[in-house]
Amino acid sequence: MIDELLGKADGVCKGIGSSQHLYRQGFISNGPQGALLPVGTGIGRMVRETENVVVSFVGEGTLGEGVTYEALNLSALLKVPQVFVCENNFYSQSTAQTRNTAGSIPDRFRAFGLKTFLANTWDLPSLMQTVGEAIAHARGNSEPVAIVMTTYRLNAHSKGDDDRDAEEVAFFRQNDPISWISEGNNHLAQRFSEIDEEVESYFDTALSKPELPLDSYVGDQMPRRTSARYTPAAGFEGRVIERVNAFLREEAERGAMIIGEDIADPYGGAFKATKGNGQDFPDAIVSTPISEAGLVGVAAGYSLAGRRGIAEIMFGDFVTYAFDQIVNGISKYHHMYGKQASCPVTIRMPMGGKRGYGATHSQSLEKFL
Ligand SMILES: Cc1ncc(C[n+]2csc(CCOP(=O)(O)OP(=O)(O)O)c2C)c(N)n1
Ligand SMILES: [Mg+2]
């Protein structure tokens, strides 16, 4: 796995998948939130014939995605031994759970008839027992169960993006089992530092390992050796994102609603397109749960009602979740309703590679639009 993280040919996915896209011996991970839940249900249909169960991990922020509920329903109806582990760490990227998730988390699972267990990552004996019971129930009854697991994330979500209260983080760091172990004065602490050293020295050797020769890998694909030349527009100063930010500020001033994931201040969006604007126009900048289909639909409704709705898709790759709204709605409201309706919605999204985001965060899907 370390080789994979470093993009080396010896990695579990030859260094192609990297941190978000891992596949090995019954383990599968992917970038788009929630998308693997129904896939887990499908795998579970097969393992039903064995003693195995499927365990699907999902963050509490992903409860914003509709596909989550489709998977819960399907899994219950198909009687699949699938253990849904919902890790509630109180945050979805930069957005606190209180602003992301309405109602009760355990009740979401109970609504589909799942036996729902509660656990946390601080009371370890109880955690072990609860997980054991949950798996036994799924296996014994061939039906899905849920474990709602309270936990906390100690580090930044991604590349150093952390706006959480420092005292809060320090509190959880101090009370984290890994801190108990590493700072203790016993055989576990000793073993911990041995493992730490082992990892450090592995990194030193792994860094010089070869990457997969790309030519051998892309031989069956379209030619990749193209170059894009960027010609700045006349009179254009500064970075593109600064122009986008200024444009969105003007639109907010004019009464537009700008809606998207993690776009409120202080974070201001994954690529900072709204940074600073939320403070001045708090009602205009609406941070949402992870719900691309939903948030694009909301922007469309706002536009149909006569105001300007601007939706931001955090990574252009996830516009696929909103395609129904775009293809079967937004693109044809005008003509479908005999030119009586107009839906001047703007959907903005960054697309493209070169930032090291991997297979599900670096595509150029413009042609579908
Ligand atoms: C469909 C989709 N939309 C947006 C993202 C970008 N994104 C990656 S992680 C994340 C927050 C996830 O929060 P949560 O589900 O609570 O999981 P946690 O990281 O807290 O465990 C977001 C919005 C994504 N990967 N997939
Ligand atoms: Mg979370």
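Visitor: Leaving aside neighbours within four places in sequence, which residues is L369 in contact with?
Guide: This is a predicted model. With those neighbours left out, L369 is in contact with V319, F323, I326, M349 and M351.

Visitor: Where does L369 sit in the secondary structure?
Guide: L369 is in the segment after β12, the strand at 346-348.

Visitor: Is L369 buried or exposed?
Guide: Exposed, because the relative accessibility of L369 is 54% and the cut-off for exposed is over 50%.

Visitor: Domains next. What does the domain assignment of the chain give?
Guide: Domain 1 covers 32-175, and domain 2 covers 240-368.

Visitor: How many residues does each domain put into the contact?
Guide: Domain 1 contributes 16 residues to the contact, and domain 2 contributes 18 residues.

Visitor: And what separates the centres of the two domains?
Guide: Taken over C-alpha atoms, the centres of domain 1 and domain 2 are 28 Å apart.

Visitor: What area is buried between domain 1 and domain 2?
Guide: About 1400 Å², with carbon and sulfur atoms giving 48% of that area.

Visitor: Which residues of domain 1 lose the most area to domain 2?
Guide: P32, E65 and Q93, which together make up 32% of what the domain 1 side buries.

Visitor: Which lining residues are closest to its centre?
Guide: R239, I241, F271, P350 and R355 are the closest to the centre, out of 19 residues that line the second largest pocket.

Visitor: Which element gives the most to that lining?
Guide: Helix α10, residues 240-253, gives the most to the lining of the second largest pocket, with 5 residues.

Visitor: Now backbone geometry. Which residues does the cis peptide bond at P266 join?
Guide: The cis bond joins D265 and P266, with omega at about 10 degrees. P266 is in the loop that runs between β9 (257-261) and α11 (277-280).

Visitor: Why point that out?
Guide: Because most peptide bonds are trans, and most residues other than glycine have a negative phi.

Visitor: On phi, then: what is the value at K272?
Guide: K272 is not a glycine, yet its phi is positive, at about 70 degrees. K272 also lies in the loop between β9 and α11, and its relative accessible area of 31% makes K272 partly exposed.

Visitor: What about phi at F90?
Guide: F90 is not a glycine either, and its phi is positive at about 75 degrees. F90 is in the loop between β4 (82-88) and β5 (91-92). F90 counts as partly exposed, at 31% relative accessibility.

Visitor: A helix residue now. Is S75 buried or exposed?
Guide: S75 is buried, because its relative accessibility is 0%. S75 belongs to helix α3, residues 66-77.

Visitor: What is S75 in contact with, leaving aside neighbours within four places in sequence?
Guide: S75 is in contact with T41, V80, Q82, F84 and P144.

Visitor: Over to Y23. Which strand is it in?
Guide: Y23 is in strand β1, residues 23-24. With a relative accessible area of 57%, Y23 is exposed.

Visitor: And which residues does Y23 contact, leaving aside neighbours within four places in sequence?
Guide: V12, C13 and I28 are in contact with Y23. For V12, the C-alpha separation from Y23 is 6.9 Å, and the two are 11 residues apart along the chain.

Visitor: Last one, R307. Where is it?
Guide: R307 is in the loop between α12 (292-304) and β11 (309-312). At 46% relative accessibility, R307 counts as partly exposed.

Visitor: What does R307 contact, with neighbours within four places in sequence left aside?
Guide: R307 is in contact with G255 and Y302. R307 and G255 are 52 residues apart along the chain, and their C-alpha atoms are separated by 7.2 Å.

Note on methods:
Residues are numbered from 1 along each chain as its sequence is written. Chains are lettered from A and ligands numbered from 1 in the order in which they are written. This is a predicted model: local features need pLDDT of at least 70, side-chain atom pairs count only at pLDDT 80 or more; totals for chains, interfaces and linings use all residues. Side-chain values use heavy atoms; hydrogens and water are left out. Helices (H or I, at least four residues) and strands (E, at least two) are DSSP runs, numbered from the N terminus. Buried means under 20% relative accessible area, exposed over 50%, partly exposed in between (1.4 Å probe, protein chains only). Contact means heavy atoms within 4.5 Å. On a 1 Å grid over the protein atoms alone, a cavity is a set of points where a 1.4 Å probe fits but cannot get out, and a pocket is an open set with protein on both sides within 12 Å along at least five of seven lines; lining residues have an atom within 4 Å of a point. Domain bounds come from an automatic or database domain assignment. Buried area is the accessible area (1.4 Å probe) that two parts lose on being put together, summed over both.
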